Amino acid sequence: MSDLVLEVKNVSSYYRENRRLSGKRAERKQVLKNVSFSMEAGEILGLVGESGCGKTTLSRAILGFLKDYEGEIIHYSTKPQMIFQDPYGSLNPSKKLGWILEEPLKNAGGFTAEERRKRVFGMLRQTGLTEDFAERYPSQLSGGQRQRACIGAALMSAPALLIADEPVSALDVTIQAQVMELLKRLHGERNIAILFISHDLRVVYQMCDRIMIMKDGEIVESGTREEIYFSPRHEYTKLLLQAAGI
Amino acid sequence: MKKKNWNLLIGGLLSGIMLLFIVVGFFYTPCSPEAMDNAAKFAGVSAKHLMGCDHFGRDIFSRILKGCGNTFIVAFGTVLIGTLCGIFLGAFTGYYGGVLDEILMRVNDAVFAFPSILLALVFVSLFGGGKYNIILALGIAFVPSFARIVRSEFIRCKNMDYVKSARLMGAGDLRIMFVHILPNVMPVLVSSVLIGFNNAVLAEAGMSYLGIGVQPPEASLGRMLSEAQSYLFSKPSMAFLPGLMIVLLVLGFSLMSEGLKRER
(Lines give C-alpha, C1' and ligand atoms only; values in the text may rest on other atoms or scores of the structure.)
Protein backbone atom coordinates (compact mmCIF):
# COMPACT_ATOMS: atom_id res chain seq x y z
CA MET A 1 0.00 0.00 0.00
CA SER A 2 1.35 3.37 -0.94
CA ASP A 3 1.19 6.59 1.07
CA LEU A 4 -2.08 8.26 1.92
CA VAL A 5 -2.59 11.85 0.82
CA LEU A 6 -6.01 12.39 2.32
CA GLU A 7 -8.13 10.78 4.97
CA VAL A 8 -11.74 11.76 5.57
CA LYS A 9 -13.22 10.31 8.76
CA ASN A 10 -16.92 10.36 9.60
CA VAL A 11 -17.56 13.81 8.20
CA SER A 12 -21.06 15.16 8.67
CA SER A 13 -22.25 18.62 7.80
CA TYR A 14 -25.48 20.46 8.34
CA TYR A 15 -26.92 23.53 6.86
CA ARG A 16 -29.44 25.67 8.55
CA GLU A 17 -32.45 26.61 6.55
CA ASN A 18 -33.49 30.09 7.40
CA ARG A 19 -37.20 30.00 8.06
CA ARG A 20 -37.42 33.07 10.22
CA LEU A 21 -39.66 34.87 7.76
CA SER A 22 -42.27 32.13 7.56
CA GLY A 23 -42.32 31.85 11.34
CA LYS A 24 -41.20 28.23 11.56
CA ARG A 25 -38.22 27.15 13.60
CA ALA A 26 -34.88 26.95 11.87
CA GLU A 27 -34.47 23.50 10.39
CA ARG A 28 -31.20 21.64 10.28
CA LYS A 29 -30.72 19.82 7.06
CA GLN A 30 -27.98 17.24 6.86
CA VAL A 31 -25.90 17.59 3.73
CA LEU A 32 -23.15 15.09 4.49
CA LYS A 33 -23.80 11.89 6.43
CA ASN A 34 -20.83 10.15 7.96
CA VAL A 35 -18.63 10.33 4.92
CA SER A 36 -15.42 8.35 5.26
CA PHE A 37 -12.80 7.51 2.66
CA SER A 38 -9.12 7.84 2.02
CA MET A 39 -7.00 8.55 -1.00
CA GLU A 40 -3.61 7.16 -1.88
CA ALA A 41 -0.88 9.07 -3.64
CA GLY A 42 -1.32 9.05 -7.38
CA GLU A 43 -4.77 7.53 -7.63
CA ILE A 44 -7.75 8.96 -9.45
CA LEU A 45 -10.87 8.65 -7.34
CA GLY A 46 -14.23 9.36 -8.93
CA LEU A 47 -17.06 10.86 -6.92
CA VAL A 48 -20.39 10.43 -8.67
CA GLY A 49 -23.83 11.62 -7.70
CA GLU A 50 -26.75 13.73 -8.80
CA SER A 51 -26.87 17.50 -8.37
CA GLY A 52 -27.38 18.58 -4.77
CA CYS A 53 -26.18 15.33 -3.23
CA GLY A 54 -23.31 17.00 -1.38
CA LYS A 55 -20.41 16.49 -3.77
CA THR A 56 -19.46 20.15 -3.83
CA THR A 57 -20.00 20.52 -0.08
CA LEU A 58 -17.55 17.68 0.46
CA SER A 59 -14.98 19.30 -1.78
CA ARG A 60 -15.43 22.61 0.03
CA ALA A 61 -14.82 20.86 3.34
CA ILE A 62 -11.67 19.19 2.03
CA LEU A 63 -10.34 22.49 0.70
CA GLY A 64 -11.06 24.26 3.96
CA PHE A 65 -13.71 26.67 2.70
CA LEU A 66 -16.36 24.93 4.79
CA LYS A 67 -15.29 24.89 8.42
CA ASP A 68 -18.61 23.95 9.99
CA TYR A 69 -18.48 20.16 9.88
CA GLU A 70 -18.19 17.27 12.30
CA GLY A 71 -15.58 14.59 11.91
CA GLU A 72 -12.00 14.77 10.76
CA ILE A 73 -10.24 15.60 7.52
CA ILE A 74 -6.52 14.87 7.54
CA HIS A 75 -4.13 16.06 4.83
CA TYR A 76 -0.89 14.16 4.61
CA SER A 77 0.64 16.46 2.04
CA THR A 78 0.74 20.04 0.84
CA LYS A 79 -2.39 22.09 0.35
CA PRO A 80 -4.73 20.58 -2.23
CA GLN A 81 -5.59 22.59 -5.33
CA MET A 82 -8.82 22.79 -7.22
CA ILE A 83 -10.13 22.97 -10.76
CA PHE A 84 -13.55 24.54 -11.00
CA GLN A 85 -16.48 23.64 -13.16
CA ASP A 86 -16.93 27.00 -14.81
CA PRO A 87 -13.78 27.97 -16.70
CA TYR A 88 -15.29 31.42 -17.28
CA GLY A 89 -15.44 32.34 -13.60
CA SER A 90 -12.28 30.77 -12.31
CA LEU A 91 -9.73 32.97 -14.06
CA ASN A 92 -9.44 36.58 -12.94
CA PRO A 93 -10.73 38.57 -15.95
CA SER A 94 -8.44 41.54 -15.36
CA LYS A 95 -5.16 39.62 -15.23
CA LYS A 96 -3.03 38.13 -17.96
CA LEU A 97 -2.49 34.36 -17.95
CA GLY A 98 1.19 34.75 -17.14
CA TRP A 99 0.32 36.74 -14.05
CA ILE A 100 -2.28 34.20 -12.94
CA LEU A 101 0.16 31.31 -13.31
CA GLU A 102 2.90 33.23 -11.54
CA GLU A 103 0.74 34.08 -8.53
CA PRO A 104 1.16 30.78 -6.59
CA LEU A 105 4.94 31.06 -6.92
CA LYS A 106 4.92 34.67 -5.73
CA ASN A 107 2.83 33.74 -2.71
CA ALA A 108 5.06 30.80 -1.89
CA GLY A 109 8.17 32.98 -2.16
CA GLY A 110 11.72 31.86 -2.68
CA PHE A 111 11.82 32.13 -6.47
CA THR A 112 13.63 34.75 -8.47
CA ALA A 113 11.72 36.53 -11.21
CA GLU A 114 13.69 34.59 -13.81
CA GLU A 115 12.84 31.22 -12.25
CA ARG A 116 9.18 32.17 -12.03
CA ARG A 117 9.11 33.14 -15.69
CA LYS A 118 10.73 29.89 -16.71
CA ARG A 119 8.29 27.82 -14.70
CA VAL A 120 5.29 29.71 -16.08
CA PHE A 121 6.44 29.10 -19.65
CA GLY A 122 7.17 25.47 -18.83
CA MET A 123 3.69 24.99 -17.44
CA LEU A 124 2.07 26.67 -20.43
CA ARG A 125 3.86 24.22 -22.73
CA GLN A 126 2.94 21.25 -20.54
CA THR A 127 -0.73 22.14 -20.63
CA GLY A 128 -0.68 22.33 -24.42
CA LEU A 129 -0.69 26.12 -24.69
CA THR A 130 2.08 28.18 -26.21
CA GLU A 131 4.31 30.72 -24.50
CA ASP A 132 2.58 33.71 -26.04
CA PHE A 133 -0.55 32.83 -24.05
CA ALA A 134 1.21 34.41 -21.07
CA GLU A 135 0.38 37.81 -22.54
CA ARG A 136 -3.30 37.06 -23.11
CA TYR A 137 -6.32 37.90 -21.00
CA PRO A 138 -8.82 35.14 -20.13
CA SER A 139 -11.43 36.82 -22.33
CA GLN A 140 -9.23 36.07 -25.35
CA LEU A 141 -9.33 32.32 -24.68
CA SER A 142 -11.78 29.59 -25.63
CA GLY A 143 -13.42 27.43 -22.96
CA GLY A 144 -10.98 24.57 -23.48
CA GLN A 145 -7.97 26.86 -23.37
CA ARG A 146 -9.28 28.41 -20.19
CA GLN A 147 -9.65 25.04 -18.55
CA ARG A 148 -6.09 24.16 -19.62
CA ALA A 149 -4.92 27.40 -18.02
CA CYS A 150 -6.85 26.57 -14.83
CA ILE A 151 -5.20 23.17 -14.68
CA GLY A 152 -1.83 24.83 -15.20
CA ALA A 153 -2.44 27.39 -12.45
CA ALA A 154 -3.56 24.66 -10.05
CA LEU A 155 -0.41 22.63 -10.72
CA MET A 156 2.02 25.52 -10.31
CA SER A 157 2.40 24.84 -6.59
CA ALA A 158 3.02 21.11 -7.29
CA PRO A 159 0.21 19.78 -5.11
CA ALA A 160 -0.07 16.10 -4.24
CA LEU A 161 -3.86 16.26 -4.41
CA LEU A 162 -6.01 17.92 -7.02
CA ILE A 163 -9.75 18.27 -6.67
CA ALA A 164 -11.54 18.53 -9.98
CA ASP A 165 -15.16 19.58 -9.55
CA GLU A 166 -16.93 18.74 -12.82
CA PRO A 167 -13.90 19.97 -14.78
CA VAL A 168 -15.24 19.08 -18.20
CA SER A 169 -19.01 19.36 -17.89
CA ALA A 170 -19.03 22.97 -19.17
CA LEU A 171 -17.14 21.98 -22.32
CA ASP A 172 -18.35 20.39 -25.52
CA VAL A 173 -17.55 16.77 -26.23
CA THR A 174 -14.43 17.05 -28.38
CA ILE A 175 -12.87 19.56 -26.00
CA GLN A 176 -13.90 17.33 -23.09
CA ALA A 177 -11.84 14.52 -24.55
CA GLN A 178 -8.81 16.77 -25.03
CA VAL A 179 -8.95 18.17 -21.49
CA MET A 180 -9.33 14.68 -20.02
CA GLU A 181 -6.41 13.51 -22.11
CA LEU A 182 -4.37 16.37 -20.67
CA LEU A 183 -5.41 15.57 -17.09
CA LYS A 184 -4.46 11.94 -17.60
CA ARG A 185 -1.10 12.82 -19.09
CA LEU A 186 -0.25 15.26 -16.29
CA HIS A 187 -1.38 12.68 -13.78
CA GLY A 188 0.98 10.15 -15.32
CA GLU A 189 3.91 12.59 -15.40
CA ARG A 190 3.49 14.03 -11.93
CA ASN A 191 1.85 11.25 -9.96
CA ILE A 192 -0.84 13.52 -8.51
CA ALA A 193 -3.87 12.13 -6.73
CA ILE A 194 -7.06 13.46 -8.30
CA LEU A 195 -10.49 13.54 -6.72
CA PHE A 196 -12.63 13.65 -9.81
CA ILE A 197 -16.14 14.89 -9.11
CA SER A 198 -18.70 14.37 -11.84
CA HIS A 199 -22.23 13.37 -12.63
CA ASP A 200 -21.22 11.93 -15.99
CA LEU A 201 -20.58 8.20 -15.64
CA ARG A 202 -18.97 7.91 -19.05
CA VAL A 203 -16.37 10.54 -18.21
CA VAL A 204 -15.71 8.94 -14.86
CA TYR A 205 -15.21 5.53 -16.47
CA GLN A 206 -12.50 6.92 -18.70
CA MET A 207 -10.68 8.72 -15.90
CA CYS A 208 -10.90 6.87 -12.64
CA ASP A 209 -9.35 3.84 -10.95
CA ARG A 210 -11.74 3.82 -8.04
CA ILE A 211 -15.26 5.23 -7.83
CA MET A 212 -17.59 6.31 -5.03
CA ILE A 213 -21.30 6.76 -5.57
CA MET A 214 -22.97 9.41 -3.45
CA LYS A 215 -26.65 9.87 -2.76
CA ASP A 216 -28.23 12.40 -0.38
CA GLY A 217 -24.96 13.08 1.40
CA GLU A 218 -24.11 9.42 1.88
CA ILE A 219 -21.60 7.26 0.08
CA VAL A 220 -23.79 4.33 -0.90
CA GLU A 221 -21.24 2.32 -2.80
CA SER A 222 -17.56 2.42 -3.54
CA GLY A 223 -15.23 0.11 -5.39
CA THR A 224 -12.94 -0.25 -8.35
CA ARG A 225 -14.08 0.86 -11.76
CA GLU A 226 -14.82 -2.72 -12.84
CA GLU A 227 -16.82 -3.52 -9.71
CA ILE A 228 -19.02 -0.46 -10.07
CA TYR A 229 -19.65 -0.75 -13.78
CA PHE A 230 -19.96 -4.51 -14.21
CA SER A 231 -21.36 -5.74 -10.91
CA PRO A 232 -23.11 -2.87 -9.12
CA ARG A 233 -24.61 -3.88 -5.80
CA HIS A 234 -26.63 -0.86 -4.72
CA GLU A 235 -29.98 -0.08 -6.36
CA TYR A 236 -29.04 3.56 -6.89
CA THR A 237 -25.86 2.62 -8.74
CA LYS A 238 -27.86 0.34 -11.04
CA LEU A 239 -30.32 3.17 -11.63
CA LEU A 240 -27.52 5.59 -12.51
CA LEU A 241 -25.93 3.12 -14.92
CA GLN A 242 -29.27 2.43 -16.51
CA ALA A 243 -29.98 6.15 -16.91
CA ALA A 244 -26.61 6.64 -18.57
CA GLY A 245 -27.37 3.73 -20.90
CA ILE A 246 -24.35 1.69 -19.88
CA MET B 1 -17.83 47.21 -37.89
CA LYS B 2 -17.69 48.75 -34.46
CA LYS B 3 -19.74 51.87 -34.04
CA LYS B 4 -17.74 54.93 -33.12
CA ASN B 5 -18.02 55.92 -29.50
CA TRP B 6 -18.90 59.59 -30.01
CA ASN B 7 -19.59 60.13 -26.32
CA LEU B 8 -16.11 59.12 -25.34
CA LEU B 9 -14.52 61.00 -28.24
CA ILE B 10 -16.31 64.30 -27.73
CA GLY B 11 -16.19 64.03 -23.94
CA GLY B 12 -12.48 63.30 -24.01
CA LEU B 13 -11.83 66.14 -26.43
CA LEU B 14 -13.86 68.62 -24.40
CA SER B 15 -12.23 67.56 -21.13
CA GLY B 16 -8.84 67.72 -22.79
CA ILE B 17 -9.40 71.28 -23.93
CA MET B 18 -10.64 72.26 -20.49
CA LEU B 19 -7.62 70.64 -18.84
CA LEU B 20 -5.32 72.49 -21.21
CA PHE B 21 -7.13 75.70 -20.30
CA ILE B 22 -6.68 74.95 -16.60
CA VAL B 23 -3.00 74.12 -16.94
CA VAL B 24 -2.41 77.34 -18.85
CA GLY B 25 -4.26 79.23 -16.11
CA PHE B 26 -1.85 77.92 -13.51
CA PHE B 27 1.18 79.36 -15.24
CA TYR B 28 -0.02 82.27 -17.29
CA THR B 29 -2.83 84.78 -17.26
CA PRO B 30 -2.90 87.84 -19.57
CA CYS B 31 -3.49 90.15 -16.60
CA SER B 32 -3.23 89.46 -12.89
CA PRO B 33 -6.63 87.99 -11.99
CA GLU B 34 -6.75 90.06 -8.81
CA ALA B 35 -5.44 93.40 -10.12
CA MET B 36 -8.13 96.08 -10.07
CA ASP B 37 -8.23 98.89 -12.57
CA ASN B 38 -10.59 101.73 -11.74
CA ALA B 39 -10.50 103.04 -15.27
CA ALA B 40 -11.63 99.69 -16.72
CA LYS B 41 -14.75 99.04 -14.61
CA PHE B 42 -17.26 97.12 -16.74
CA ALA B 43 -14.99 97.57 -19.73
CA GLY B 44 -16.18 95.89 -22.88
CA VAL B 45 -14.34 93.42 -25.08
CA SER B 46 -11.00 94.75 -26.25
CA ALA B 47 -7.58 93.43 -27.27
CA LYS B 48 -6.36 93.90 -23.72
CA HIS B 49 -9.42 92.43 -22.03
CA LEU B 50 -10.64 89.55 -24.20
CA MET B 51 -13.87 89.14 -22.24
CA GLY B 52 -14.12 92.59 -20.72
CA CYS B 53 -13.80 93.54 -17.07
CA ASP B 54 -15.95 93.15 -13.96
CA HIS B 55 -17.16 95.68 -11.39
CA PHE B 56 -13.66 96.11 -9.91
CA GLY B 57 -12.07 96.41 -13.30
CA ARG B 58 -10.53 92.93 -13.10
CA ASP B 59 -9.93 91.09 -16.35
CA ILE B 60 -12.68 88.44 -16.68
CA PHE B 61 -10.67 86.20 -19.00
CA SER B 62 -7.79 85.98 -16.53
CA ARG B 63 -10.17 85.33 -13.68
CA ILE B 64 -11.84 82.54 -15.59
CA LEU B 65 -8.48 80.96 -16.38
CA LYS B 66 -7.50 81.05 -12.73
CA GLY B 67 -11.00 80.25 -11.47
CA CYS B 68 -11.26 77.09 -13.55
CA GLY B 69 -8.03 75.95 -11.91
CA ASN B 70 -9.32 76.60 -8.40
CA THR B 71 -12.61 74.89 -9.09
CA PHE B 72 -10.74 71.96 -10.59
CA ILE B 73 -8.42 71.65 -7.58
CA VAL B 74 -11.37 71.59 -5.19
CA ALA B 75 -13.28 69.06 -7.28
CA PHE B 76 -10.22 66.89 -7.80
CA GLY B 77 -9.28 66.92 -4.11
CA THR B 78 -12.83 66.13 -3.14
CA VAL B 79 -13.07 63.17 -5.47
CA LEU B 80 -9.63 61.95 -4.42
CA ILE B 81 -10.56 61.91 -0.73
CA GLY B 82 -13.96 60.41 -1.48
CA THR B 83 -12.56 57.69 -3.73
CA LEU B 84 -9.65 56.65 -1.52
CA CYS B 85 -11.72 56.48 1.65
CA GLY B 86 -14.58 54.90 -0.32
CA ILE B 87 -12.37 52.15 -1.73
CA PHE B 88 -10.91 51.44 1.66
CA LEU B 89 -14.26 51.34 3.49
CA GLY B 90 -16.10 49.54 0.71
CA ALA B 91 -13.39 46.91 0.32
CA PHE B 92 -13.32 45.99 3.98
CA THR B 93 -17.07 46.07 4.57
CA GLY B 94 -17.86 44.23 1.36
CA TYR B 95 -15.17 41.60 1.77
CA TYR B 96 -15.60 40.77 5.44
CA GLY B 97 -19.29 41.52 5.95
CA GLY B 98 -20.66 40.84 9.42
CA VAL B 99 -21.22 43.24 12.28
CA LEU B 100 -18.57 45.77 11.27
CA ASP B 101 -20.19 45.97 7.85
CA GLU B 102 -23.62 46.59 9.39
CA ILE B 103 -22.36 49.37 11.66
CA LEU B 104 -20.28 51.13 9.04
CA MET B 105 -23.00 50.94 6.43
CA ARG B 106 -25.59 52.42 8.82
CA VAL B 107 -23.20 55.29 9.56
CA ASN B 108 -22.75 55.53 5.82
CA ASP B 109 -26.52 55.75 5.35
CA ALA B 110 -26.73 58.50 7.94
CA VAL B 111 -24.04 60.55 6.18
CA PHE B 112 -25.63 59.79 2.85
CA ALA B 113 -29.01 61.06 4.04
CA PHE B 114 -27.66 64.61 4.42
CA PRO B 115 -27.41 66.68 1.27
CA SER B 116 -23.69 67.09 0.69
CA ILE B 117 -23.95 70.88 0.68
CA LEU B 118 -25.63 70.83 4.09
CA LEU B 119 -22.98 68.54 5.50
CA ALA B 120 -20.24 70.72 4.12
CA LEU B 121 -21.98 73.79 5.61
CA VAL B 122 -21.89 72.20 9.06
CA PHE B 123 -18.24 71.34 8.60
CA VAL B 124 -17.36 74.83 7.43
CA SER B 125 -19.19 76.48 10.30
CA LEU B 126 -17.16 74.32 12.69
CA PHE B 127 -13.74 74.66 11.11
CA GLY B 128 -14.01 77.81 8.99
CA GLY B 129 -14.15 78.30 5.25
CA GLY B 130 -11.45 78.40 2.64
CA LYS B 131 -10.30 76.21 -0.20
CA TYR B 132 -8.76 73.39 1.81
CA ASN B 133 -11.52 73.07 4.36
CA ILE B 134 -14.00 72.89 1.52
CA ILE B 135 -12.05 70.05 -0.06
CA LEU B 136 -12.09 68.15 3.20
CA ALA B 137 -15.75 68.85 3.89
CA LEU B 138 -16.97 67.88 0.43
CA GLY B 139 -14.59 64.93 0.40
CA ILE B 140 -16.16 63.49 3.52
CA ALA B 141 -19.62 64.07 2.11
CA PHE B 142 -18.60 62.14 -1.01
CA VAL B 143 -17.25 59.07 0.77
CA PRO B 144 -20.55 57.20 1.27
CA SER B 145 -21.55 57.03 -2.37
CA PHE B 146 -18.18 55.60 -3.39
CA ALA B 147 -18.05 53.23 -0.43
CA ARG B 148 -21.43 51.89 -1.45
CA ILE B 149 -20.41 51.22 -5.04
CA VAL B 150 -17.15 49.55 -4.06
CA ARG B 151 -18.88 47.48 -1.40
CA SER B 152 -21.52 46.10 -3.73
CA GLU B 153 -18.88 45.22 -6.33
CA PHE B 154 -16.80 43.46 -3.69
CA ILE B 155 -19.80 41.47 -2.56
CA ARG B 156 -20.41 40.45 -6.17
CA CYS B 157 -16.78 39.45 -6.72
CA LYS B 158 -15.84 37.79 -3.46
CA ASN B 159 -17.76 34.61 -4.18
CA MET B 160 -16.42 34.20 -7.69
CA ASP B 161 -14.32 31.12 -8.38
CA TYR B 162 -11.21 33.12 -9.16
CA VAL B 163 -11.22 34.53 -5.65
CA LYS B 164 -11.49 31.04 -4.18
CA SER B 165 -8.72 29.88 -6.42
CA ALA B 166 -6.58 32.86 -5.37
CA ARG B 167 -7.07 31.86 -1.76
CA LEU B 168 -6.11 28.26 -2.54
CA MET B 169 -2.98 29.55 -4.19
CA GLY B 170 -1.96 31.14 -0.94
CA ALA B 171 -2.91 34.80 -1.37
CA GLY B 172 -3.71 36.64 1.87
CA ASP B 173 -6.88 38.65 2.47
CA LEU B 174 -5.29 42.02 1.71
CA ARG B 175 -3.70 40.72 -1.47
CA ILE B 176 -7.01 39.22 -2.59
CA MET B 177 -8.82 42.48 -1.88
CA PHE B 178 -6.49 44.95 -3.50
CA VAL B 179 -4.64 42.90 -6.09
CA HIS B 180 -7.21 40.33 -7.20
CA ILE B 181 -10.59 42.00 -6.75
CA LEU B 182 -9.93 45.73 -7.01
CA PRO B 183 -8.90 45.75 -10.70
CA ASN B 184 -12.25 44.16 -11.50
CA VAL B 185 -14.07 46.93 -9.63
CA MET B 186 -12.23 49.67 -11.52
CA PRO B 187 -14.42 49.90 -14.65
CA VAL B 188 -17.51 50.58 -12.55
CA LEU B 189 -15.62 52.87 -10.23
CA VAL B 190 -14.08 55.01 -12.96
CA SER B 191 -17.38 56.04 -14.48
CA SER B 192 -18.83 56.92 -11.09
CA VAL B 193 -15.69 58.85 -10.22
CA LEU B 194 -16.25 60.99 -13.31
CA ILE B 195 -19.85 61.64 -12.27
CA GLY B 196 -18.62 62.37 -8.75
CA PHE B 197 -16.22 64.88 -10.23
CA ASN B 198 -19.13 66.69 -11.86
CA ASN B 199 -21.05 66.80 -8.62
CA ALA B 200 -17.97 68.17 -6.90
CA VAL B 201 -17.61 70.94 -9.49
CA LEU B 202 -21.22 71.90 -8.96
CA ALA B 203 -20.91 71.63 -5.17
CA GLU B 204 -17.83 73.88 -5.16
CA ALA B 205 -19.66 76.39 -7.33
CA GLY B 206 -22.59 76.23 -4.94
CA MET B 207 -20.44 76.67 -1.84
CA SER B 208 -18.52 79.56 -3.33
CA TYR B 209 -21.76 81.09 -4.51
CA LEU B 210 -22.95 80.99 -0.89
CA GLY B 211 -19.71 82.72 0.07
CA ILE B 212 -18.14 79.90 2.11
CA GLY B 213 -15.98 78.32 -0.54
CA VAL B 214 -12.96 79.89 -2.14
CA GLN B 215 -12.42 83.22 -0.37
CA PRO B 216 -12.15 86.60 -2.15
CA PRO B 217 -10.20 88.00 -3.80
CA GLU B 218 -9.25 84.56 -5.17
CA ALA B 219 -11.23 83.53 -8.20
CA SER B 220 -13.32 80.42 -8.67
CA LEU B 221 -16.17 79.81 -11.07
CA GLY B 222 -18.79 79.75 -8.31
CA ARG B 223 -17.29 82.84 -6.66
CA MET B 224 -17.49 84.72 -9.98
CA LEU B 225 -21.13 83.72 -10.42
CA SER B 226 -21.98 84.93 -6.96
CA GLU B 227 -20.28 88.30 -7.57
CA ALA B 228 -22.00 88.63 -10.92
CA GLN B 229 -25.53 88.35 -9.64
CA SER B 230 -25.75 92.06 -8.69
CA TYR B 231 -24.89 93.04 -12.25
CA LEU B 232 -26.93 90.39 -14.02
CA PHE B 233 -28.78 92.91 -16.18
CA SER B 234 -26.13 95.59 -16.61
CA LYS B 235 -23.36 93.13 -17.55
CA PRO B 236 -24.74 89.63 -18.21
CA SER B 237 -21.44 88.32 -19.63
CA MET B 238 -20.01 88.45 -16.09
CA ALA B 239 -22.38 85.63 -15.12
CA PHE B 240 -22.68 83.96 -18.49
CA LEU B 241 -18.98 83.23 -19.06
CA PRO B 242 -18.15 81.43 -15.80
CA GLY B 243 -21.49 79.63 -16.06
CA LEU B 244 -20.58 78.44 -19.52
CA MET B 245 -17.24 77.14 -18.24
CA ILE B 246 -18.98 75.11 -15.51
CA VAL B 247 -21.32 73.64 -18.11
CA LEU B 248 -18.45 72.72 -20.45
CA LEU B 249 -16.39 71.18 -17.63
CA VAL B 250 -19.31 69.09 -16.40
CA LEU B 251 -20.46 68.16 -19.90
CA GLY B 252 -17.01 66.91 -20.87
CA PHE B 253 -16.75 64.59 -17.90
CA SER B 254 -20.38 63.44 -18.20
CA LEU B 255 -19.91 62.48 -21.82
CA MET B 256 -16.69 60.68 -20.98
CA SER B 257 -18.33 58.68 -18.21
CA GLU B 258 -21.25 57.81 -20.48
CA GLY B 259 -18.77 56.76 -23.16
CA LEU B 260 -16.84 54.56 -20.76
CA LYS B 261 -20.05 52.83 -19.70
CA ARG B 262 -20.71 52.06 -23.35
CA GLU B 263 -17.21 50.66 -23.78
CA ARG B 264 -17.69 48.06 -21.08
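Which residue in S7(A) is the bridge partner of Asp165(A)? I looked this up and found Ile197(A).

**Entry 1: conventions.** I noted that this is a predicted model, in which local features need pLDDT of at least 70 and side-chain atom pairs count only at pLDDT 80 or more, while totals for chains, interfaces and linings use all residues. Residues are numbered from 1 along each chain, chains are lettered from A and ligands numbered from 1 as written, and side-chain values use heavy atoms without hydrogens or water.

**Entry 2: the sheet.** I traced strands S6 (residues 161-165) and S7 (residues 193-198) of chain A, which pair in the parallel sense over 5 bridges; pairing requires at least two bridges found by DSSP. Strands are DSSP runs of E with at least two residues, and helices are runs of H or I with at least four, numbered from the N terminus. Both strands belong to an open sheet of 6 strands in chain A, ordered S5-S6-S7-S3-S8-S9 with mixed pairing.

Entry 3: I then followed helix H5 (residues 173-190) of chain A, which lies across S3 (44-48), S5, S6 and S7 of chain A; contact means heavy atoms within 4.5 Å. H5 of chain A runs at about 160 degrees to S7(A). Such angles run from 0 to 180 degrees between N-to-C directions, with axes fitted to C-alpha atoms, for helices over the stretch in contact.

**Entry 4: chain B.** I examined helices H3 (residues 98-113) and H5 (residues 131-158) of chain B, whose axes come within 9 Å and cross at roughly 135 degrees. H3(B) and H5(B) are therefore oblique to each other, since angles under 35 degrees count as roughly parallel, over 145 as roughly antiparallel, 65 to 115 as roughly perpendicular and the rest as oblique.
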